[in-house]
There are 2 protein chains.
Amino acid sequence: MGERTTDNGPVPAGPTAGTAVLLQLVRDGRPRTRAELAAESGLARSTVAERIDTLLTSGLLRHTDKGPSTGGRPPSLFAFNPAARVVLAADVGATHVKAALTDLSGQVLVEQNRAMDIAAGPDAVLGELCALGDTLLGEIGRTQRDLLGIGIGLPGPVEHASGRPTNPPIMPGWDGFDVPGHVQERLGGAATLVDNDVNIMALGEHRTHWPEWPHMIFVKVATGIGSGLICGGRLHRGSQGVAGDMGHVQLPHGAEVPCRCGNVGCLEAVASGAALAARLTGLGSPAGGSADVVGLARSGSVTALKLVRQAGRDIGEVLATAVSFFNPSVIVIGGALSQAGEHLIAGVREVVYQRSLPLATQNLRIVQSRAGERAGIYGAALMVVEHALAPAQLDALLADG
Amino acid sequence: MGERTTDNGPVPAGPTAGTAVLLQLVRDGRPRTRAELAAESGLARSTVAERIDTLLTSGLLRHTDKGPSTGGRPPSLFAFNPAARVVLAADVGATHVKAALTDLSGQVLVEQNRAMDIAAGPDAVLGELCALGDTLLGEIGRTQRDLLGIGIGLPGPVEHASGRPTNPPIMPGWDGFDVPGHVQERLGGAATLVDNDVNIMALGEHRTHWPEWPHMIFVKVATGIGSGLICGGRLHRGSQGVAGDMGHVQLPHGAEVPCRCGNVGCLEAVASGAALAARLTGLGSPAGGSADVVGLARSGSVTALKLVRQAGRDIGEVLATAVSFFNPSVIVIGGALSQAGEHLIAGVREVVYQRSLPLATQNLRIVQSRAGERAGIYGAALMVVEHALAPAQLDALLADG
């Protein structure tokens with residue numbers, strides 16, 4: 001709130017802004033000459049030369065092979081150096097901690113999963129996470145000093161600015177807990193950013209597979225149902241950080257089904273992996289969760305396929321309204337239940353294309369997640385990288401390097 | 001699409017960025033010294049001095065009274081000069097053209113309304129609009145050369161980038177018409193921006209009354225029903241420019257009512273001013289449109305009040321889903337029917353607070369439009385100002401001045 005904005009977003013200024021612009025340019029991986037950097041950034045050549053020196057010193061930029069000569073000595077080429085630092089990215093679920101170290105392009109260097117009950121509380125879960133971080137650093141011969149930062153996704157609402165969970169329904173003991181403070185203290189003070197798990201999945205999916213598509217809805221269909229919104233290329237967290245909550249939108253025809261939130265007829269109570277597993281069990285095909293539903297569907301169970309397709313239609317009903325309001329370029333369906341094959345997506349498409357305005361669906365794509373199980377890790381890592389390389393934080397990083 | 005974005009938005013660079021930053025600072029109206037401008041912008045004092053000269057020459061900045069002395073000579077104060085140029089802002093409805101000249105702060109200098117049927121086609125309507133623009137310029141002793149630009153709101157979907165209407169349902173002859181080209185040719189080549197009327201109302205309402213509230217849904221309830229979204233302080237137009245279309249979301253209980261779009265049970269077919277007028281007429285209280293419904297409600301007709309309240313509830317049903325997805329800070333209800341008093345808003349509140357997640361409604365405000373009938377004019381004007389003063393366009397403006 002109170003952030004100064006224009007139609008083109010906040011306008012940063014000062015020397016750091018120029019440095020940030022150069023970094024933004026080279027983050028695409030293509031090496032460039034001084035002249036190219038000047039031309040593409042709009043900065044004066046003398047300024048570019050000065051900023052390049054700063055960035056070389058920090059290690060964020062490196063020399064690469066010489067460019068093609070235009071007669072005289074071939075010009076120097078400069079490229080982003082994703083190996084300058086590492087990021088600890090963690091995707092914490094209801095029953096697991098997944099952690100990875102990535103480079104500054106989000107490439108996974110090493111990763112590990114541990115079974116862990118979120119209900120064990122923040123001390124136990126974050127202790128495990130930090131120990132895992134140290135183990136991973138050791139495995140690739142780096143130290144806490146090499147950490148650019150730490151990104152964490154949690155399975156509940158998080159106040160992103162403070163990194164504290166707010167009234168998370170399945171996380172006893174976590175409400176208001178200072179996650180960044182706790183983690184930073186154990187991992188050498190590295191800047192720690194925390195967000196809801198679906199938000200980081202949305203960011204990861206967007207950055208790795210849909211960077212040119214400005215408006216995205218990412219839907220996670222697993223034990224529960226949630227979504228993350230990308231708006232003009234930026235993660236839209238909303239006023240209380242709870243944007244994307246679609247699991248508790250009421251379906252018109254589901255009024256009889258009670259939901260764990262206390263209401264009846266919520267989308268999640270009807271179309272989630274947990275709801276489908278319960279239904280299948282009741283119909284004589286025992287299923288413990290999303291994975292079993294996916295297994296039954298893949299093995300050709302007609303009952304499972306029918307239920308998955310109807311879940312797609314139910315999700316489509318709620319998405320149709322979101323499509324009319326938000327007019328996204330792409331809807332991505334991820335989460336464990338999306339592994340059930342095309343039946344879920346087909347159900348979503350069927351209803352969205354039928355119910356939304358033709359103009360809003362004209363170029364709309366509805367697809368399965370491409371980042372898959374790593375969406376959260378990519379998102380947690382890139383959230384940290386984008387934050388650290390933005391003008392507001394870059395000064396600190398350069399002074400530190 | 002393809003715009004380079006980070007979590008903090010596009011990063012502009014070069015000398016213009018610094019100039020744009022200074023302009024952004026002073027646009028709040030408060031005069032500042034050179035030292036304050038340097039401190040607040042993060043720019044070097046030598047750079048600030050240079051940019052101030054450029055801005056004084058362009059007329060966008062002006063000297064004001066001296067500041068308080070700190071011992072020696074009192075320092076010079078610089079302030080934004082909203083009188084440097086004027087903007088022609090037009091709000092074109094189904095049956096009227098409303099046009100105003102504003103200064104660069106969006107203040108209305110002079111305005112006029114003309115009855116005009118949008119179905120008369122673009123030549124006739126835009127001809128009238130341009131003639132009106134010349135008349136207004138003459139009235140305040142300015143010329144086409146003084147125009148910073150022209151902002152136009154139209155009652156249908158518009159591709160904002162090209163300024164062309166796309167399949168507008170109530171605008172025969174307008175589909176794909178080059179509105180900016182047509183207007184620019186008649187008004188001295190002034191840059192012309194076109195958008196949907198509800199979008200400019202949303203922008204105008206936000207900028208004049210809710211600038212510190214980053215996420216807003218503005219709902220226009222009149223003959224039809226539409227909305228405009230402000231996301232992170234920026235107007236969210238969506239992928240095809242049709243974001244905010246809520247009029248044709250289907251209500252669960254309205255399935256019997258046919259809509260002009262060809263579907264049944266659309267919100268607009270049930271809860272718009274036109275729908276209520278038809279219902280009242282059928283019940284023996286003849287009403288020709290929103291204004292008559294408002295008149296009946298204000299005169300205390302219990303039937304009208306009941307219908308208005310139920311319309312609020314119906315709108316609330318659709319908004320509840322939008323609240324769950326978008327998690328806005330404020331919902332503003334505008335348009336002719338919002339003049340019916342608190343009954344419409346009360347109906348909206350009743351359902352949204354009941355149906356949305358507690359966390360999403362915790363700090364949510366649902367209020368009547370404060371910009372009222374001028375929301376569109378403010379929005380059209382400020383759309384032009386923000387565009388012209390942004391780094392990408394500012395060079396042209398300064399060269400021109």
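Where is N167(B) found? N167(B) sits in the loop between β8 (164-165) and α5 (179-186) of chain B. Helices (H or I, at least four residues) and strands (E, at least two) are DSSP runs, numbered from the N terminus.

## Ground rules

This is a predicted model, in which local features need pLDDT of at least 70, side-chain atom pairs count only at pLDDT 80 or more, and totals for chains, interfaces and linings use all residues. Residues are numbered from 1 along each chain as its sequence is written, chains are lettered from A and ligands numbered from 1 in the order in which they are written, and side-chain values use heavy atoms, with hydrogens and water left out.

Most residues other than glycine have a negative phi. N167(B) is not a glycine, yet its phi is positive, at about 50°. N167(A) also has a positive phi of about 50°, and it is not a glycine.

N167(A) lies in the loop between β8 (164-165) and α5 (179-186) of chain A. N167(A) is partly exposed, with a relative accessible area of 47%.

## Domains of chain A

Chain A is divided into domain 1 (14-80), domain 2 (86-190 + 376-400) and domain 3 (211-370). These bounds come from an automatic or database domain assignment. Taken over C-alpha atoms, the centres of domain 1 of chain A and domain 2 of chain A are 31 Å apart.

## Where domains 1 and 2 meet

Eleven residues of domain 1 of chain A are in contact (heavy atoms within 4.5 Å) with ten residues of domain 2 of chain A. The size of an interface is often given as the accessible area lost when the parts come together. Here, domain 1 of chain A and domain 2 of chain A bury about 870 Å² between them. Of that area, 79% is on carbon and sulfur atoms. Buried area is the accessible area (1.4 Å probe) that two parts lose on being put together, summed over both. T16(A), R27(A) and L60(A) supply 51% of the area that domain 1 of chain A buries against domain 2 of chain A, more than any other three residues.

How many salt bridges does the rule find across the interface of domain 1 of chain A and domain 2 of chain A? It finds zero. A salt bridge is a side-chain nitrogen of Lys or Arg within 4 Å of a carboxyl oxygen of Asp or Glu. On the side of domain 1 of chain A that touches domain 2 of chain A, α1 (14-26) and α3 (45-58) of chain A each supply at least two residues. The largest share of that side, five residues, comes from α1(A).

## Salt bridges elsewhere

Side chains of opposite charge can pair when their charged atoms come close. Over all chains, the whole structure has 32 salt bridges. In one of them, R374(B) meets E111(B) (2.5 Å, N to O). R374(B) lies in the loop between β14 (365-368) and α13 (375-389) of chain B, and E111(B) in strand β5 (residues 108-115) of chain B, so the pair ties together parts that are 263 residues apart in sequence. R374(B) is partly exposed at 31% relative accessibility. E111(B) is partly exposed at 31% as well.

Salt bridges that share partners join D28(A), R30(A), R32(A), E36(A) and E40(A) into one network. Within chain A, E40(A) and R32(A) pair at 3.1 Å, N to O. E40(A) is partly exposed at 36%, whereas R32(A) is buried at 2%.

## Two buried residues

C231(A) belongs to strand β11 (residues 225-231) of chain A. C231(A) is buried, with a relative accessible area of 7%. Beyond its neighbours within four places in sequence, C231(A) is in contact with residues including F326(A), C231(B) and H236(B).

R207(A) is in helix α6 (residues 197-209) of chain A. R207(A) is buried at 16%. Its side chain makes a polar contact with the side chain of E386(A) (2.5 Å).

Note on methods
Buried < 20%, exposed > 50% of the residue type's maximum accessible area, 1.4 Å probe, protein only. Polar contact = N/O pair within 3.5 Å; in protein donor to acceptor, adjacent residues only side chain to side chain.
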